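The following paragraphs lead the reader through a structure, from the overall form of one chain to selected local features. Please keep the sequence and the model at hand.

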Amino acid sequence: MQTNDHILQAIRIEKTFPGTKALDKVDFHLRRGEVHALLGENGAGKSTLIKCLTGAYRRDGGAILLNDAEVDPRDTFEAQTLGIGTVYQEVNLLANLTVAENLFLGRQPRRFGMVDVSTMNRRAQELLADYELDIDVTRDLASYSVAIQQVVAIARAVDLSGKVLILDEPTASLDAHEVAMLFRIVRRLKARGLGIIFVTHFLEQVYEISDRITVLRNGQLVGTRETADLDRRELIAMMIGRELAAEIHAPRAETPDGPLRYRFRNYGRKGRVRPFDLEVRAGEVVGMAGLLGSGRTETAELLFGAHRADSGEAEIDGRVVDLSSPRAAIRHRFGFCPEDRKTSGIIGDLSVRENIVLALQARRGWTRPIARAEQNRLADHYIRALDIRTADREKPIKLLSGGNQQKAILARWLATEPEFLILDEPTRGIDVGAHAEIVKLIEALREKGLSLIVVSSEIEELVAYSTRIIVLRDRAHVAELDGNRITAHQIVEAIAATNERRTS
Amino acid sequence: MTSFLRLYFNRLLPQLIALGIIIVAVSLVFPGFLNLQIQNGRLYGSLIDILNRGAPVVLLAIGMTVVIATKGIDLSVGAVMAICGATAAACITSGHSVAATLLITLAVGILCGLWNGVLVAVLDIQPIIATLVLMVAGRGIAQLITEGAILTFNDPGLAFIGSGSFAGLPMPVVIWLVFGVLIAMLVRRTALGMLIEAIGVNRQASTLSGVLTPVLLIAAYVLSGLCAAIAGIIAAADIRGADANNAGLWLELDAILAVVVGGTSLLGGRFSIAASVLGAIIIQAINTGILLSGFPPEFNLIIKAAIIVFILVLQSPRFRTAFSFLVPARGASKASERAAK
């Protein structure tokens, strides 16, 4: 295989959204006749990269080369005519039109100015024959299964574009048999010399079909590797992060000896996370590690009462307590920074000041307003203490960058003087500087004697501040690491071991 | 404090300008428009008439503002007016005292609000659908109460609410002034205002921050029901009768319009009760103005629509940035804020 036989090259692609850097100078090279898997956790930048390639987003920087010629698709239609076709997880075709109409929509064969239906149907039949599909093309698309619709979408995309095919989670709703059919088609297209980009969460499918793998994390390129040379363990490490330096982790000088304060016994909720036991001391940071969908976030939400536990009980200082709602948890001095800052963290239109005092005000009740002077004092205090970069405290929080929004949410909880703080992905999608400050803050809070639960996809980060690590898999707590065993290596082992068991 | 007043003034400026233009325009066409006289210790004149006629929409707009601030909407207020008017008429004609009649009627309004609030906050039904139920069913309920007829009454006590006067002002004006100030104080002197805005902007984030979301949502709809009840009493007292078919008809739309003209976004969040009250007065001034100016009545709705489009354009962010030099600069208010410190 010639190494520079690239059909599509993306060079130093940049894309910034208000508050986050979605793509930071990402390179991506696709060869002719290869299946190239694009992997990464949620928010890594996979779909942003795809959308920049297909013109759905305008990139802020970088170049796209198709067959060594620079292209600049302004919308998905232009990308299609250039040769880049995309098939999404949810089929983006018209279910109420016939299969043939879907295949030739916008380019129906014409005769005397009218759509030539018989020619169209004949050609549709021929087109699908290439895909081992012998179906009645005059029936509505909706009358066929998702897998068939998927193939129709691929047929249309390939027929339209014919150079690059992007498959964005095409197998998410297919069964094993259908996946096999899809992969047969993908292999045939590959043999025809198409470059195929395959986005998925299923690692076993990656190993089955792909030739090379590119991993993104936090909007940055982690690396591109030959699938054959990359074992599963290493791949997971690439996806969730493990810098070489972190591998030699110095054992924590002080093991927490604070009093045991929080005890959750057989705590769980059906369909979200299996019952678990958890004990947390004062001055302890418990890290939650696991892949996407392993039950990390579900555990955090359960502890805070965002979802009610349906089994087990919670104790604080030996007394059984009710944590069935956020309000109940807040009464016991709990705080919670949710994973999705935008939908469940910030109150976008309100000012930084109002966002900071909100939880404290909610706990005091509406009849006891915090005086404006006191609000100003609190806001100014935390803006200074956490170095929140804002023009003034009355600026709407939605105008701040992601890292500063996150600090303001942290300030909201610190203002309530919490004793048990749950942070779900506190450093996701924020810039490096703010990242380091939040890590430092977690350390400082632990030293002050708070108990913290931190969920993170960043392994080396968890290693840096956790005094204990819980590893989750399939919505259950499966391993606990403490003391010397807190290393990136051990964590990856624990996640990968269970992952291998699942796929074998 | 001066800076606070200044910010407040800035917020209300577009509404005040719009109202000023309308008043000037009408007084040019109809010279007697600005005249005020005192007869029998009560003010008379077109301006007073606007404040008086506008009372129901002003009251509805107060409740609607709070509901809209929570990112909701209450389509049922017109129907609740009819229910409450019918209730008041039925109570007074069946021999209840004025006080009992008022209490029962207000309770019915609160009950209607409670129904809406529970549908929205507890059953999580979209506000527009949840309140549509009562909007449609409400007139039926009102007709059941009046048994299909227009229930008339002659009780002077109840009629006083519609046509009496206090301190020189018509009773409806006194009622909405006092009620408006009370609600504005309740909302702004406590933390209610901020919590309601937080819910309107991001309900999920508010709940996770410990805001008692369902209770506040229900309270917003209850307030709206209460406002509709007072408006219903005034409307019934004014004509000394309850007309289940026409009382409050389409007023929910006027109330929503008043809130929008007042500059509160239908997407929820920041709200101003004073601005909504001004919005309602603007709408009434347009109605009265067109009537007085002697245009053929068939033009009324079109002229009204044109004026409202004009006001909305005036408020639109694009227009504001394009003509920002006309509005007092932000720097000026900041400077005075600093000076006030």
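A residue is called buried if 20 or more other C-beta atoms lie within 10 Å of its own, exposed if 12 or fewer do, and partly exposed in between, with C-beta atoms placed from the backbone. By this criterion, 50% of the 341 residues of chain B are buried. The model is predicted, so local features need pLDDT of at least 70 and side-chain atom pairs count only at pLDDT 80 or more, while totals for chains, interfaces and linings use all residues. Residues are numbered from 1 along each chain as its sequence is written, and chains are lettered from A and ligands numbered from 1 in the order in which they are written.

Chain B contains 16 helices and six strands; these are DSSP runs (helices H or I, at least four residues; strands E, at least two), numbered from the N terminus. Its C-alpha atoms fill a box of roughly 60 × 60 × 40 Å along the principal axes.

The largest nonpolar core comprises 255 residues, and Ile491(A), Leu60(B) and Ala61(B) have the most contacts inside it. Helix H11 of chain B (residues 213–239) supplies the largest share of this core, 19 residues. Such a core is a set of buried Ala, Val, Leu, Ile, Met, Phe, Trp, Tyr and Cys residues joined through C-beta atoms within 7 Å.

In chain A, helix H1 (residues 46–53) is mostly covered, with seven of its eight residues buried. Among them are Lys46(A), Lys51(A) and Cys52(A). Just after H1(A), Gly55(A) adopts a positive phi of about 80°.
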